[in-house]
Amino acid sequence: MRAAVEQGLIGPEQPVVGLLDVTGIRAAAAELRAAFDEVVAPGTPVLHAFAVKAASLVPVLRLLTDEGLGCEVASPGELALARAAGTDTDRIVLDSPAKTPAELREALDLGIALNADNPQELARLDALVAGTPTRSPLGLRVNPQVGGGSIGALSTATETSKFGVALRDVGARDWVVRAFAERPWLTRLHAHVGSQGCPLDLMAAGVQAAYELAEEINETIGRRQIDTLDIGGGLPVNFTSDEVTPSYREYTQLLKTTVPGLLDGRYGLVTEFGRSLLAKSGVVLARVEYAKSAGGRPIAVTHAGAQLATRTVFAPTAWPLRIAPYDADGRPKPTGPAGPVTQDIAGPCCFAGDLVAENRALPELTAGDLVGLLDTGAYYFSNHFAYNSLPRPGVYGFAPDGDGIRFAEVRKPQTVAEIVAESGGAEAEGLTAL
Ligand SMILES: *Cc1c(COP(=O)(O)O)cnc(C)c1O
């Protein structure tokens with residue numbers, strides 16, 4: 001934080017910035033690889049496809065590619081980012097629930113793996129594959145309906161989730177088996193049970209359901225048509241301390257006991273982790289513009305609010321963040337002699353609920369201090385909310401350099417001119433001329 005202040009990344013002119021720990025990201029990628037290497041049979045093909053929505057920044061994707069990861073994409077934009085990062089097309093997986101015919105055709109032309117979401121999409125693939133054979137590995141997403149976690153909006157394996165073919169619905173299982181039997185080119189099964197809030201045993205239960213279905217399909221068809229299982233992502237992140245828990249290793253050890261057959265080398269594996277690869281390696285650093293008080297409550301008005309920490313602001317119980325206080329030089333701010341002060345940490349948006357922390361006991365913040373929103377490396381830099389036309393902040397990666405810290409630009413801060421341009425600036429006469 002001190003280096004960010006000294007090197008001018010944050011200050012009165014740039015009052016909020018995103019920082020990414022490059023060493024930490026590399027370490028998380030290495031832990032992911034090692035956790036799976038430890039449990040799969042030697043020679044098992046494993047593709048770890050990073051869920052791009054968790055950090056849709058080209059240099060981050062390039063870094064992960066350098067660490068041997070691929071990309072899981074869910075829109076033409078994410079696909080373009082993965083390609084801009086130089087990810088090989090055979091290391092990209094397309095998973096969106098609403099792929100248009102043009103998107104399907106593009107993926108097939110490029111040889112990108114994709115998972116069909118539903119029977120209608122499979123029918124579209126029938127037509128496309130009949131016309132031109134494809135190199136793309138093709139799969140079907142199923143919803144094992146094993147239940148939800150603590151955050152409903154991120155639980156994708158509930159009874160009524162919008163994703164995939166709901167496996168326990170009447171007739172669905174038989175339909176899936178027949179769908180594979182009729183399509184020799186359908187060789188993958190995909191299940192992603194959910195994200196933050198899903199316990200490991202729920203994730204493992206979803207993977208087990210997909211594995212058992214694959215076994216049943218291959219047995220019915222009489223050959224090993226399904227050769228790869230895509231087990232999704234969703235490892236939860238601990239937002240309450242520095243500890244990384246659960247670890248990838250805990251998850252793979254659980255898979256080893258729950259679904260040993262998945263790891264014995266008969267199936268290739270695809271994973272799609274997002275949050276767990278990046279969260280702990282990122283921090284939002286924001287300046288306190290004013291420190292005021294209302295109704296006896298101290299309030300630090302900062303430059304990090306709903307535009308950055310959208311989920312935290314709108315669903316604070318599901319997405320609480322730790323706040324680290326610093327002085328204006330980026331030094332940890334000590335608690336004063338009178339002890340910590342219960343205060344609100346507010347953002348810059350013009351609505352009353354724009355608080356990233358409410359009633360939080362912290363050293364009393366004053367104007368010019370800095371606050372760090374910890375564990376924000378995943379999703380916080382890629383899901384900007386354009387409320388009040390607030391700019392997307394700059395994002396910088398950092399790594400040790402001798403006795404100091406070296407920064408590299410990941411994304412420039414958005415300029416006011418760019419905001420005007422993307423807000424119809426060139427169309428100023430558009431409505432009055434009608
Ligand atoms: C969001 C998503 C992921 C990544 O989830 P994390 O919780 O970030 O690991 C993986 N697969 C699919 C299909 C997703 O929608």
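1. Let me start with Gln196: a polar atom of its side chain lies 2.8 Å from the backbone oxygen of Val237. That is a polar contact, meaning a pair of N or O atoms within 3.5 Å; within protein, one must be able to donate a hydrogen and the other to accept it, and residues adjacent in sequence count only if both atoms are side-chain atoms. Gln196 belongs to the loop between strand 8 (186-190) and helix 8 (200-221). Helices (H or I, at least four residues) and strands (E, at least two) are DSSP runs, numbered from the N terminus. Gln196 counts as buried because its relative accessibility is 10%; buried means under 20% relative accessible area, exposed over 50%, and partly exposed in between (1.4 Å probe, protein chains only).

2. A word on the model. It is predicted, so local features need pLDDT of at least 70 and side-chain atom pairs count only at pLDDT 80 or more, while totals for chains, interfaces and linings use all residues. Residues are numbered from 1 along each chain as its sequence is written, and side-chain values use heavy atoms, with hydrogens and water left out.

3. Now to the ligand. It is surrounded by 14 residues, and the closest are Lys53, Ser195, Glu272, Arg275 and Tyr379; a residue is near a molecule if one of its heavy atoms lies within 4 Å of it. By class, this shell has 3 nonpolar, 5 polar and 6 charged residues. Here Ala, Val, Leu, Ile, Met, Phe, Trp, Tyr, Cys and Pro count as nonpolar, Asp, Glu, Lys and Arg as charged, and the others, Gly among them, as polar.

4. Which contacts reach an oxygen atom of the ligand? Lys53 brings a polar side-chain atom to 2.9 Å from one. Gly234 has a backbone N or O atom 2.8 Å from a ligand oxygen, and for Arg275 a backbone N or O atom also lies 2.8 Å from a ligand oxygen. Taken alone, the ligand exposes 380 Å², of which the protein buries 93% (Shrake-Rupley method, 1.4 Å probe).

5. Pro144 sits in the loop between strand 6 (138-143) and strand 7 (165-166). With 2% relative accessibility, Pro144 counts as buried. Its C-alpha is 40 Å from that of Leu285, which is 141 residues away in sequence.

6. Is Ser423 buried or exposed? Ser423 is exposed, since its relative accessible area is 51%. This serine is found in the segment after helix 12 (416-422). Ser423 and Ser389 are 34 residues apart along the chain, and their C-alpha atoms are separated by 8.8 Å.
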